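This briefing is meant to be read with the sequence and the 3D structure open side by side. Please look at the display before going on to the notes below it.

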Amino acid sequence: MASSDKQQKRAQRAKAKAKQNRSGKANPKVNVVHPLLANPLVNEPFDDVEIDLSTFDFKDIEENGFDPALFDDLFQAMNVGEGISLLAMCLVFLQYPVLELVVAEEEEEAAIDFMMGLLIVYRGIFHDEDEDTAVSWVGGDAFQTAYNEASMILQKKYARGTSSARV
């Protein structure tokens, strides 16, 4: 779990962004691909999180597994997204920079295993589910539909160039 100081900073940024959006001073988003992307907690939720992708070692994770504490920002953001909707949670998940890196650079099977691992750990932490229950949830119609829709929404978003530049 993120420190209370970190959580307060995130809450302050979200509050400031929401106030800015209400007052109309924010740059209006033209052609928003999906209404959920108007929410700063769902659209680019990791912009304010420092993630050093240069130190990410996927081979080490493949060989030794991953420490869930290293993915706390992802899990916290997913939990906030899930509080909105399953689709919002999937949108948050798919925008995680580390996940984007793994999907872009690793073999498909390894990337899917990594994604499944993250989802299983998330369900274990926030829903107290064992691995079999979490795998069933991931394979269920509700998750699959939300995941596929989130993927399509993000493809459209990136195709329209409405995201900030990726590094």
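Predicted model: local features only at pLDDT ≥ 70, side-chain atom pairs only at ≥ 80, totals over all residues.

Buried residues make up 36% of the 167 residues in the protein. Among the contacts with a separation of 6 or more, 72% are between residues 24 or more positions apart.

**Overall make-up**

**Helix packing**

- Two packed helices are described by the angle between their axes and the distance between the axes.
- Helices H5 and H6 pack with their axes 9 Å apart and at an angle of about 155 degrees; angles over 145 degrees count as roughly antiparallel, and H5 and H6 are therefore roughly antiparallel to each other.
- In this pair, Val98, Leu99, Val102 and Val103 are the residues of H5 that meet Ala111, Phe114, Met115 and Leu118 of H6.
- The axes of H7 and helix H8 (residues 141–160) come within 5 Å and cross at roughly 55 degrees, which makes H7 oblique to H8.
- On the H7 side of this second pair stand Trp137, Val138 and Gly139, and they meet Asp141, Phe143 and Gln144 in H8.

**Salt bridges**

- Side chains of opposite charge can pair when their charged atoms come close.
- The count of salt bridges in the model comes to five, and the points below take up some of them, including a pair formed by Lys157 and Glu44.
- The side chains of Lys157 and Glu44 meet in a salt bridge with an N to O distance of 2.7 Å. This pair links distant parts of the chain, since Lys157 is in helix H8 and Glu44 is in the loop between H1 and H2, 113 residues apart.
- Glu62 forms a salt bridge with Lys59, and the closest N and O atoms of the two are 3.3 Å apart. Both residues lie in helix H2, three residues apart, which is about one turn of the helix.
- Glu62 is partly exposed, with a relative accessible area of 43%, and Lys59, at 45% relative accessibility, also counts as partly exposed.
- Lys59 has a further partner in Glu106, with the closest N and O atoms of that salt bridge 3.4 Å apart. Because Glu106 lies in the loop between helix H5 (97–105) and H6 while Lys59 lies in helix H2, the pair ties together parts that are 47 residues apart in sequence.
- Glu106 is partly exposed, with a relative accessible area of 22%. Through salt bridges that share partners, Lys59, Glu62 and Glu106 are joined into one network.

**Positive phi values in loops**

- Glu44, the partner of Lys157 in a salt bridge, has a phi near 55 degrees, a positive value in a residue other than glycine. Glu44 lies in the loop between H1 and H2.
- Asp128 has a phi near 50 degrees, again a positive value in a residue other than glycine. Asp128 is found in the loop between helix H6 (108–127) and helix H7 (131–139).

**A nonpolar surface patch**

- Which residues make the nonpolar surface patch of about 220 Å²? The patch is made by Leu41, Val80 and Ile84.
- Leu41 lies in the loop between helix H1 (4–23) and helix H2 (58–64), and at 37% relative accessibility Leu41 counts as partly exposed.

Technical notes. Residues numbered from 1 in each chain as written. Heavy atoms only, no water. Patch = residues over 30% accessible without salt bridge, like charges linked within 9 Å, V, L, I, M, F, W, Y side chains within 5 Å. Areas by Shrake-Rupley, 256 points an atom, 1.4 Å probe, with all protein chains shown as cover. Salt bridge = Lys/Arg side-chain N within 4 Å of Asp/Glu carboxyl O. Helix = DSSP H or I, 4+ residues; strand = E, 2+ residues; numbered from the N terminus. Buried < 20%, exposed > 50% of the residue type's maximum accessible area, 1.4 Å probe, protein only. Axes fitted to C-alpha atoms, helices over the stretch in contact; angles between N-to-C directions. Parallel < 35°, antiparallel > 145°, perpendicular 65-115°, else oblique. Contact = heavy atoms within 4.5 Å.
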